[in-house]
Every structure is written in structure tokens, then in C-alpha cells.
Amino acid sequence: MTRIVLVALSLIIFSAGCGTFKKRVAPFEREILAKPGMGFIENAQEETGMQHMFDAREGSIGGFGGAGGGCGCN
Amino acid sequence: MNSGFAAVLVVLFSVSVYATKLKPGQTFPAATLKKLGAKTQSNLKEYKGKVVVVDFWASWCEPCKKEVPALNALYKKYLKKGVMIVGVNVDDEESTAKDFLKENHVDFPLFHDDGKKLAGQCDLSTMPSSFVIDKKGVIRFIHSGYKEGDPAKFEQEIKSIL
């Protein structure tokens with residue numbers, strides 16, 4: 001019985017670690033990510049176009065941050 | 001053993017509650033902030049008794065630049081009617097905010113959130129973020145980001161609590 005409780009407790013603690021603590025960078029802490037050099041392509045418009053093309057042709061959406069850096073504004 | 005198990009659950013639950021965002025109806029956190037470009041500090045409590053719009057902005061945030069003219073206009077229109085607009089800058093360095101102000105004219109009072117303590121307390125989900133606070137210091141409306149039509153919305157909200 002004790003072993004079951006211990007296993008249950010361990011699972012809860014591990015899963016709480018996944019759900020409770022945020023690993024994302026807060027929007028107000030994205031100053032460095034917002035720099036143009038942080039984008040894959042220097043030109044923000046070109047990057048938006050490229051992403052649109054990938055979205056449409058490959059169905060691969062997301063994971064690239066925002067165009068022209070990763071400030072994620074709005 | 002059962003009580004120990006329950007205690008652990010309570011602790012875990014309370015940790016998840018701690019991470020909640022500010023919502024309308026809650027009191028805006030009291031904060032002492034440094035005035036941008038000055039050595040003096042000011043507490044936002046000074047504006048109690050007025051309708052206050054607290055706007056979090058940064059020099060690297062494009063929508064923040066777009067909202068400045070609209071906030072300037074609101075500030076000029078409603079200052080004498082008991083409305084205060086306050087800009088809280090969250091740049092890492094105050095100097096970058098000052099550079100921003102060389103190119104963008106801002107009429108309303110600006111503060112620097114050193115260490116992003118207030119922004120952290122408010123758990124902002126976007127940049128910019130604005131809080132419309134009533135005369136008692138209670139948050140009545142929250143704006144996430146800046147979109148077309150927001151200035152009219154701000155005005156409507158301000159009028160509703162004046």
C-alpha cells in the first residue's frame with residue numbers, strides 16, 4: 001500500500017512539474033528575441049512570405065516565432 | 001498517511017493557483033517605479049481617485065509604437081476630466097527607452113519597470129498590455145495587444161467609469 005502511495009505521489013510531483021511551471025519566455029522579456037538578427041531571414045516581409053508558403057505547401061505551421069524576430073507582439 | 005497525501009495535493013494546488021493572471025475586479029498591484037529620464041520615484045497609488053490607464057510598452061515592440069499617438073490624444077482629451085494615462089516601460093535598459101523617445105513624442109508620464117517586477121506581477125500575456133483602472137484602484141478592463149478600433153474602445157471604457 002505504501003509503495004502504491006509513493007508511486008502515485010511521485011507521478012503527481014513529476015506531472016505537476018510539467019504543468020505548473022512555465023518554460024516560455026514572457027512577452028515582456030523578449031527584447032533580445034525581438035532583434036531583427038534573431039529571425040531566420042533578415043527581411044521580415046520575406047520571412048512572412050516564406051512561412052506562408054511552408055504553411056500552404058507543407059502544412060508545417062508554427063515553431064518559427066514571429067516574423068523579424070521572436071517578440072511575439074500582439 | 002492519507003492526511004500526508006492530502007497535504008501534498010494542497011501544496012501542488014496552491015502552486016498552480018499562484019500563477020494566475022490579473023483579472024477585472026482585482027486591485028491593481030501597488031508599485032513604486034522610477035520616472036523615465038529622472039532620478040525620482042513615484043508610486044502609482046498617487047493616482048488613486050482618478051481613472052488610470054496603465055500601459056506596458058517597450059521600444060522593441062512594434063504595436064507599442066502604433067498606439068502612442070492614440071494614447072497621446074486620449075491623454076490630452078481626458079486629463080482635465082480626471083483621467084491619467086501612465087506608460088510603464090519594460091526595456092532591459094532605460095537608455096533604449098530614451099532613444100525611442102527621441103523619435104516618438106509621448107505626452108503622458110512614463111516610468112521604467114526596473115527588473116520587470118511589476119510586469120511580472122501582472123503576468124502580461126502580450127506586448128503592449130493595458131489596464132483600465134477605476135477611481136478605487138480596481139482593474140475594470142484589460143487590453144492585450146493593440147488593434148485597430150482600440151482607441152474608441154478605450155474611450156468608451158473610460159467614459160463608463162468616469
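Predicted model: local features only at pLDDT ≥ 70, side-chain atom pairs only at ≥ 80, totals over all residues.
What share of the 162 residues in chain B is buried? Buried residues account for 47% of them.

## Overall plan of chain B

Chain B contains five helices and seven strands. Along the sequence these elements follow the pattern α-β-β-β-α-β-α-β-α-β-β-α. Of the contacts in chain B between residues at least 6 apart in sequence, 70% join residues at least 24 apart.

## The sheet

The seven strands of chain B form an open sheet with mixed pairing, in the order 2-1-5-4-3-6-7. Its edge strands are strand 2 (41–43) and strand 7 (139–144), each of which pairs on one side only. On average, neighbouring strands of this sheet are turned by 30° against each other, direction ignored.

Strand 1 and strand 2 of chain B are antiparallel and share three bridges. Within this pair, Thr32(B) stands opposite Asn43(B) of strand 2. The two strands form a hairpin with five residues between them, and Gly37(B) in the turn has a positive phi of about 80°. Strand 1 (residues 32–35) also runs antiparallel to strand 5 (residues 110–112) of chain B, to which two bridges join it. Here Lys34(B) has His112(B) as its bridge partner, and Lys35(B) is partnered by Phe111(B).

## Strand 4 and its surroundings

Strand 3 and strand 4 of chain B pair in the parallel sense, with seven bridges between them. In this pairing, Val53(B) stands opposite Ile85(B) of strand 4.

Strand 4 of chain B is mostly covered, with seven of its seven residues buried. In a regular strand, side chains alternate between the two faces of the sheet. Both faces of strand 4 are covered: one side carries the buried residues Val83(B), Ile85(B), Gly87(B) and Asn89(B), and the other carries the buried residues Met84(B), Val86(B) and Val88(B).

## Helices on the sheet

Helix 3 (residues 94–103) of chain B lies across strand 1, strand 3 (51–57), strand 4 (83–89) and strand 5, and runs at about 105° to strand 3. Helix 5 (residues 150–161) of chain B packs on the sheet as well, where it touches strand 3, strand 4, strand 6 (129–133) and strand 7. The direction of helix 5 makes about 175° with that of strand 7.

Helix 5 of chain B also packs with helix 2 (residues 62–78) of chain B, at an angle of about 30° and with the axes 10 Å apart. Angles under 35 degrees count as roughly parallel, and helix 2 and helix 5 of chain B are therefore roughly parallel to each other. Their crossing is right-handed. Helix 2 contributes Ala70(B), Leu71(B), Leu74(B), Lys77(B) and Tyr78(B) to the contact, while helix 5 contributes Pro151(B), Phe154(B), Glu155(B), Ile158(B) and Lys159(B).

## A buried lysine

Lys116(B) is located in the loop between strand 5 and helix 4 (117–122) of chain B. Why does Lys116(B) count as buried? Its relative accessibility is 12%, and buried means under 20%.

The side chain of Lys116(B) is joined to that of Asp92(B) by a polar contact of 2.4 Å. Leaving aside residues up to four places away in sequence, Lys116(B) touches Val90(B), Asp91(B) and Asp92(B), together with Phe28(A) and Glu29(A).

How values were computed
Residues numbered from 1 in each chain as written. Chains lettered and ligands numbered in written order. Heavy atoms only, no water. Pairing = 2+ DSSP bridges. Helix = DSSP H or I, 4+ residues; strand = E, 2+ residues; numbered from the N terminus. Axes fitted to C-alpha atoms, helices over the stretch in contact; angles between N-to-C directions. Contact = heavy atoms within 4.5 Å. Buried < 20%, exposed > 50% of the residue type's maximum accessible area, 1.4 Å probe, protein only. Polar contact = N/O pair within 3.5 Å; in protein donor to acceptor, adjacent residues only side chain to side chain. Parallel < 35°, antiparallel > 145°, perpendicular 65-115°, else oblique. Left-handed = near helix turned anticlockwise from the far one by under 90°.
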